[in-house]
Amino acid sequence: MWGLDRESKKPLYQQIADHIERRISFGEFPPGSLLPSERKLAEQIGVNRSTVVQAFAELRSLGIIESRSGSGTRVSQFKWGASPKHTPNWNRYAQGGSFLPNLPFLRRIREALSQDPSLVDFASGELAADLAPTSEISEIMSSHQYASYLGYDNPQGYIPLRQALVRYLAEYRGLQATESSILITSGSQQSLFLITQCLLSPGDAVAIEDPSYYYSLPMFQSAGLRIFRLPVDQDGMRLEEIRGLYKKHRIKMIFTNPNFQNPTGTLLADERRHQLLQTASELGLPIIEDDPYSLTDYEGLPRMPLKSIDTSGSVIYIGSFSKIAASGLRIGWMVAPNSVVLRLADARQQMDFGLSVIPQQVAAQFLESDFFEPHLSRLRTNLMYKRDLLIEALRKELPGEIQFHIPKGGHHLWCKLSEPVNDAKLLEAAIRNGVVFVPGSVYGSDAGFVRFTFARAKSECIGQGIAGFARALHSLRN
Ligand SMILES: Cc1ncc(COP(=O)(O)O)c(C=O)c1O
């Protein structure tokens, strides 16, 4: 039996309004039905009439009841069933939509890292703080005058950054680009997103490398693409199946990461580069060349992009600051025919009105500064040092239990376990032992492969991290 709680902090009129609302939503008073008069209710409840008047006023303001002079107070017709207490089913909404969530292993790794930041991180594909040009960037930021007007920027990207990239691409990447052929993006990831959403349609077939970073991106499935895989060996992507895939499935694009590929660290061999371009130009097949790692060649060799030898205009080139400077700046770029650049800039404008101009200014300054070249050479030396620490630790902790090819650049070491174990169990055991890595199946490989990223972990933690991984592996074998 309901009664007023006179000790409660909730005012009496509010308690009465809540009570009437509850009775309405339980169906005791259907839509359009007449409520007892204010006087009668006041008597029943044992309060002043003015308290009930106030409660009715509250319900009227929410649209739950309506009063007309001469015909009393009735339950509102159209509000029935839509009482403010009927919370939408947000979980159902959160699981809906056409954009797929990240892969469960990647979500688990992110969750583990946020719960325990002391885990040794062999999973995140980015530079550790001591490899990033942190002091150089802060010096640039403190000495540079930023634009005083912060309006929406050019949809293709900040013009001085595009100009700096024209010079950078010619000097470092052997590419003759122009300002109008460059689109600045929020990392390579946005280039991939724009390409999959705007240049392809649901049902289109594309080829990716196997294993491949792209396999880890549900964005390809979200775009409704059919994915076919081209195996990667020591010399990069194998090309034999391209013509067959084209004939049978009409593949519309090939996505490749030819320099220090993620996850295998391989370089596409020179003969294969020429052969790939030849095949693409015969079939009129576009190639998306994703090239975030080539400047990390530890010996400083100029690993030139496919695009630099692309005489038939088959290649869209994607670059990024993430793997060579700072992933948090979120600066990437695409070099593509002007019609493509304009289309993608227009789409991006519809999504977010373009990038923030400030990181673009910082990136332009950094590229043009005297800091850039010395930073790159320090980065290469330090990455090689971390790679060697990782290899030394693996040889010490897991002799004969793990195989790998030694990469000559990039951030990743791709390993095969001599005896495969269950990926999910291995990841959980590793987390319990203070370390995270990415299971190979995330990149489409069979169980028994592991990707260790050595760029992110602190040098002094690499040995301890691999010892933890070895304990995890052994705990599953015993
Ligand atoms: C091959 C490849 N492409 C693209 C990306 C996305 O990088 P970002 O968007 O930070 O440039 C990554 C990141 O790991 C990558 O390895």
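## Terms and model

A pocket is an open set of grid points with protein on both sides within 12 Å along at least five of seven lines, and its lining residues have an atom within 4 Å of a point. The structure described here is a predicted model.

## Domains

Three domains make up the division of the protein: domain 1 (12-75), domain 2 (104-128 + 374-477) and domain 3 (149-370). Between the centres of domain 1 and domain 2, taken over C-alpha atoms, the separation is 65 Å.

## The largest pocket

The largest pocket holds about 980 Å³ of space. Its lining has 37 residues, and those closest to the centre of the pocket are G125, Q189, Y213, L217 and K323. The largest share comes from α8, with 5 residues.

Sorted by class, the lining of the largest pocket consists of 17 nonpolar, 14 polar and 6 charged residues.

The volume of the second largest pocket is about 520 Å³. It is lined by 20 residues, and nearest its centre lie D233, Q234, T264, T266 and H405. At least two lining residues come from each of the strands β6 (226-233), β12 (402-404) and β13 (412-417).

The class counts for the lining of the second largest pocket are 10 nonpolar, 6 polar and 4 charged. Residues of both domain 2 (104-128 + 374-477) and domain 3 (149-370) are found in this lining, so the second largest pocket lies between these domains.

## Cavities

There are 2 cavities of 30 Å³ or more in the structure. The largest cavity contains about 50 Å³ of space. Its lining is made of Y168, R173, D291, P292, Y293, S294, L295, Y317, G319, S320, I324 and W333. Both α7 (159-173) and β10 (315-320) give two or more residues to the lining of the largest cavity, and β10 gives the most, with 3 residues. By class, 7 of the lining residues are nonpolar, 3 are polar and 2 are charged.

The second largest cavity has a volume of about 30 Å³. Around it are E209, V232, G236, M237, N257, P258, Q261, T266, L267 and L268. This lining divides into 5 nonpolar residues, 4 polar residues and 1 charged residue. T266 is listed in the lining of the second largest cavity and is also among the residues nearest the centre of the second largest pocket.

## Helix α6

Helix α6 spans residues 134-143, and within it E136, I137 and I140 are buried. Why are these residues on the same side of α6? They cover an arc of only 95° around the axis, which means that they share one side of the helix.

On the other side of α6, S135 and S142 are exposed. Among the elements that cover the buried residues of α6 are α13 (357-368) and α14 (372-397).

Methods. Residues are numbered from 1 along each chain as its sequence is written. This is a predicted model: local features need pLDDT of at least 70, side-chain atom pairs count only at pLDDT 80 or more; totals for chains, interfaces and linings use all residues. Side-chain values use heavy atoms; hydrogens and water are left out. On a 1 Å grid over the protein atoms alone, a cavity is a set of points where a 1.4 Å probe fits but cannot get out, and a pocket is an open set with protein on both sides within 12 Å along at least five of seven lines; lining residues have an atom within 4 Å of a point. Grid points are joined across faces, edges and corners, and a volume is the space filled by probe spheres set on the points. Helices (H or I, at least four residues) and strands (E, at least two) are DSSP runs, numbered from the N terminus. Ala, Val, Leu, Ile, Met, Phe, Trp, Tyr, Cys and Pro count as nonpolar, Asp, Glu, Lys and Arg as charged, and the others, Gly among them, as polar. Domain bounds come from an automatic or database domain assignment. Buried means under 20% relative accessible area, exposed over 50%, partly exposed in between (1.4 Å probe, protein chains only). The arc is that of the directions from the helix axis to the C-beta atoms. Contact means heavy atoms within 4.5 Å.
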